[in-house]
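Please read them with the structure open.

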Amino acid sequence: ELKENTVIIVLGASGDLAKKKTFPALFGLYRNGYLPKDVKIVGYARTKMDDAEYHKRITSYIKNKDDEEIAPKLAEFIGFSSYISGGYEDDESFQNLNKHIESFEANYQTKEKNRLFYLALPPSVFIPVSAHLKKNCHIKDGVNRIIIEKPFGKDRESCATLLSSIKANWHEDETFRIDHYLGKEMVKNLLVLRFANVAMSAGWDKNSISNVQITFKEPFGTEGRGGYFDEFGIIRDILQNHLLQVLSILTMERPVSFAAEDIRDEKVKVLRCIPPIEREDALLGQYVAANGKPGYLDDDTVPHNSVCPTYAATTLWINNPRWEGVPFILKAGKALNEAKVEIRIQYKDVTQGIFKDISRNELVLRIQPSEAVYLKLNTKMPGLITRAIPTEMDLTYKRRFAEAVIPEAYEALILDALKGDHSNFVRDDELDAAWKIFTPILHWIEGRHGPSPRPVPYPYGSRGPKELEAFINKYGFKRTTEG
Ligand code: BG6
């Protein structure tokens with residue numbers, strides 16, 4: 001349930017994340033009646049501006065703002081949004097912020113007070129800001145919550161340092177670590193699909209499944225974000241967090257209940273069964289100029305000799321009785337031919353005998369765009385002769401749930417945080433287990449143990465490195481034969 005008397009404070013209110021995700025999500029929630037009654041939203045950042053200028057800015061972040069239905073709601077939203085500027089490293093600024101919040105709380109009819117701090121900030125200020133918030137803005141007689149977002153460090157060690165510094169001030173119960181893939185509709189569907197269907201849970205193991213691919217494709221490069229990206233690379237940007245989170249829910253055992261800790265316990269357990277990635281289980285790529293688009297190294301914000309991968313395929317193994325020997329290929333790339341995120345579960349060959357060269361079954365869960373679940377099956381071609389052809393059982397959301405409005409990931413997650421539900425947030429031990437899997441390969445790529453591996457080139461707008469086909473075939477993937 002939503003608590004009355006809530007103030008939401010967005011720190012980094014003039015930054016990119018706030019603009020693209022936080023404010024649109026807050027407005028989306030308000031518009032649909034999901035923000036607490038009498039909520040106040042406070043923006044905080046270094047930029048000096050008055051409320052009028054700030055209101056103009058947040059208005060510009062909202063899509064279709066002139067629509068008949070949206071405009072009046074937006075006016076109301078602006079009405080309870082205010083701004084205050086201040087630094088990230090000094091007490092005085094945070095004391096001012098606290099006074100600003102108190103000015104709203106003074107009007108409450110009941111004693112209850114709730115503060116939700118959303119850190120839409122660069123990682124360099126996570127530690128000082130969380131400490132200053134605790135010191136100056138954390139209320140004794142109320143609920144305090146803090147939302148933070150990746151990057152959570154750069155490897156296992158730096159993550160541990162970051163976590164312990166934040167923990168020195170914020171209790172695990174108060175802390176919400178976002179991985180926005182956990183807010184996506186199809187990812188949330190995994191729990192239901194897997195555990196509410198006997199037809200799915202039967203055969204969900206090494207006896208039936210040959211290999212699994214979890215794929216992230218983006219059709220644009222690092223345009224404008226080269227500086228950030230080069231320090232992190234595609235593995236830290238996508239695989240270690242988003243794709244690994246998807247993998248953990250896909251492969252965990254059934255949780256005891258829907259309670260957050262029960263779910264997260266199972267995720268941690270399966271992650272801890274995955275050994276660190278071996279070098280031979282990785283394929284690294286970097287895009288080069290093609291189709292009139294610049295290469296990664298043509299970006300002025302990227303060092304001219306950078307070996308940072310913009311594409312990576314890595315194969316993970318889960319050493320438990322359910323999954324032993326099944327390769328899980330996580331692959332992600334920038335500047336590819338399309339935008340697509342999907343899970344592809346390929347079943348084993350049917351026992352040979354009555355059929356030869358028959359396609360394997362595949363269960364595909366398309367996370368975006370256009371959410372869908374489809375199962376590739378062999379069916380008898382209708383007619384007088386018996387011939388099996390591959391076909392699909394198709395649950396495309398747009399057709400099946402034509403009226404449904406699929407929420408944005410950030411809307412779902414902010415709502416969860418307002419309710420105090422941690423199920424779709426990342427616990428500290430999950431992060432540690434995730435970094436443990438990826439840290440050795442990241443250190444190798446960074447040249448800590450000798451020369452860095454050179455990523456293979458792939459053209460902007462292509463399907464990825466040409467070496468990919470051989471890479472996935474090595475793990476037993478077989479392409480469907482058509483008809
Ligand atoms: C972010 C990455 O976490 O996720 C970006 O930093 C990436 O590089 C983005 O573009 C993808 O998110 P979505 O929701 O568009 O798939």
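1. Which residues in α9 meet which residues in α10? From α9 the contact takes Leu244, Gln245, Ser248, Ile249 and Thr251; from α10 it takes Lys267, Val270 and Leu271. By class, the residues of this contact are four nonpolar, three polar and one charged. Bear in mind here and below that the model is predicted.

2. Two packed helices are described by the angle between their axes and the distance between the axes. Helix α9 covers residues 226-251 and helix α10 covers residues 260-272. Their axes are 9 Å apart, and the packing angle is about 105°. Angles of 65 to 115 degrees count as roughly perpendicular, so α9 is roughly perpendicular to α10.

3. Helix α9 also packs with α7, which spans residues 185-195. How do the axes of α7 and α9 cross, and within what distance do they come? The crossing is at roughly 10°, and the axes come within 9 Å. Angles under 35 degrees count as roughly parallel, which means that α7 is roughly parallel to α9. On the α7 side the contact is made by Val187, Leu190 and Arg194; on the α9 side it is made by Val246, Ile249, Leu250 and Thr251. These residues divide into five nonpolar, one polar and one charged. Ile249 and Thr251 are listed in the contact with α7 and also in the contact with α10.

4. Which residues are around the ligand? They are Lys150, His180, Tyr181, Lys184, Phe216, Glu218, Arg225, Asp237, His242, Lys334 and Gln368. This shell has six charged, three polar and two nonpolar residues.

5. Some polar distances to the ligand deserve a check. For tyrosine 181, a side-chain N or O atom is 2.4 Å from an oxygen atom of the ligand. Glutamate 218 places a polar side-chain atom 2.4 Å from a ligand oxygen, and for aspartate 237 the corresponding distance is 2.5 Å. On its own the ligand has 400 Å² of accessible area, of which the protein covers 79%.

6. Most residues other than glycine have a negative phi, and most peptide bonds are trans. The bond from lysine 150 to proline 151 is cis, with omega near 5°; proline 151 sits in the loop between β5 (143-149) and α6 (156-167). The bond from glutamine 368 to proline 369 is also cis, with omega near -15°. Proline 369 belongs to the loop between β12 (362-368) and β13 (372-380).

7. One phi value remains. Asparagine 5 is not a glycine, yet its phi is positive, at about 55°. This residue is in the segment before β1 (6-11).

Notes:
Residues are numbered from 1 along each chain as its sequence is written. This is a predicted model: local features need pLDDT of at least 70, side-chain atom pairs count only at pLDDT 80 or more; totals for chains, interfaces and linings use all residues. Side-chain values use heavy atoms; hydrogens and water are left out. A residue is near a molecule or strand if one of its heavy atoms lies within 4 Å of it. A polar contact is a pair of N or O atoms within 3.5 Å; within protein, one must be able to donate a hydrogen and the other to accept it, and residues adjacent in sequence count only if both atoms are side-chain atoms. Accessible areas come from the Shrake-Rupley method with a 1.4 Å probe; for residues, only the protein chains shown count as cover. Ala, Val, Leu, Ile, Met, Phe, Trp, Tyr, Cys and Pro count as nonpolar, Asp, Glu, Lys and Arg as charged, and the others, Gly among them, as polar. Axes are lines fitted to C-alpha atoms, for helices over the stretch in contact, and angles run from 0 to 180 degrees between N-to-C directions. Helices (H or I, at least four residues) and strands (E, at least two) are DSSP runs, numbered from the N terminus. Angles under 35 degrees count as roughly parallel, over 145 as roughly antiparallel, 65 to 115 as roughly perpendicular and the rest as oblique. Contact means heavy atoms within 4.5 Å.
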